Amino acid sequence: MNPTAVSALPAWPYPRWIAHRGAGKLAPENTLAAFRLGAAHGYRMFECDAKLSADGVVFLMHDATLERTTNAHGIGGELPWHALSQLDAGSWHSRTFAGESLPTLEALARFCLTNDHLLNIEIKPTPGTESATGEAVARLAAQLWQGAVVPPLLTSFKPDALSAAKAAAPEQPRGLLVDTLWSGWFEKTQELECVAVVANYALWDAATVARVHNAGMRCLSYTVNDDWAAQHLLALGTDGIITDRVDLFSPN
């Protein structure tokens, strides 16, 4: 790794270790209980998934469908927030979390801002709502974190969502998520004026890290749950590690 290239990068306000969906698999993902548990393990930054309800409320959930992480069926984005807010998003995980509800992004923002925690918001649109979701998440993030020292990092696998986020709130930092190095991925990061690439950890090698760093962007990885993988990424000089194993990796 070329240390000169890293030293020339813009300042990076985010910590290296990021708790995936709050606390990984130790609590029901994307619930306030998960973020509280991740914080109890010492994490200062969290990743979450944000999508739109049918009536335009930004709420936290990963899947398009409700079955895996709630007691309901169907497509979450097709329900109004009032209906979504009544769901049980904890019993699927364990009895300890029975009755835990789906939070809004606004509720998570209050938790993070009150406790000086940082956030990576993955824009996770219901299929067909990429632009609308990107715009709504970016506008709301800009409003909720107005005046904050460090804004949330907005990321997505969907370039259309990031493009809409850029148009709606260009000052909000953006990162492209990639599961493969598809044709044109790097050019798309430049078009979207990304500050980071968030890649499947297996994609990083010395040449790809250097290419991203030389373009003034940071290299983040998901989802890193093994010590050997974390050590490899640290040796490559990557900048951020998203993990489920908040019980294994100390963020300090």
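The model is a predicted one.

**The whole chain.** Begin with all C-alpha atoms selected. Along the principal axes they fill a box of roughly 50 × 40 × 35 Å. Colouring by secondary structure brings out nine helices and nine strands. Among contacts between residues at least 6 apart in sequence, 56% join residues at least 24 apart.

**Surface and charge.** Next, display the accessible surface. The surface comes to about 10800 Å², and carbon and sulfur atoms account for 52% of that area. Buried residues make up 54% of the 252 residues. Then select the charged side chains: 18 are positive and 26 are negative, and the centres of the two sets lie 3 Å apart.

**Helix α4.** Now select residues 105–115, which form helix α4. Which residues of this helix are buried? They are Leu105, Ala107, Leu108, Ala109, Phe111 and Cys112.

**Aspartate 116.** Move to the residue just after α4, aspartate 116. Aspartate 116 belongs to the loop between α4 and β4. Its phi is near 60°, a positive value in a residue other than glycine. As background, most residues other than glycine have a negative phi. Is aspartate 116 buried or exposed? Aspartate 116 is exposed, because its relative accessible area is 61%, and the term applies over 50%.

**Arginine 21.** Finally, select arginine 21, in the loop between β1 (17–20) and α2. Here too the residue is other than glycine and phi is positive, near 55°. Is arginine 21 buried or exposed? Arginine 21 has a relative accessibility of 15% and therefore counts as buried, the cut-off being under 20%.

Show the two residues side by side to end the tour. Aspartate 116 is exposed, whereas arginine 21 is buried. Phi is positive in aspartate 116 and also in arginine 21.

Note on methods
Residues numbered from 1 in each chain as written. Predicted model: local features only at pLDDT ≥ 70, side-chain atom pairs only at ≥ 80, totals over all residues. Heavy atoms only, no water. Buried < 20%, exposed > 50% of the residue type's maximum accessible area, 1.4 Å probe, protein only. Helix = DSSP H or I, 4+ residues; strand = E, 2+ residues; numbered from the N terminus. Contact = heavy atoms within 4.5 Å. Areas by Shrake-Rupley, 256 points an atom, 1.4 Å probe, with all protein chains shown as cover. Lys, Arg positive; Asp, Glu negative; His and termini not counted. Charge placed at Lys NZ, Arg CZ, Asp CG, Glu CD.
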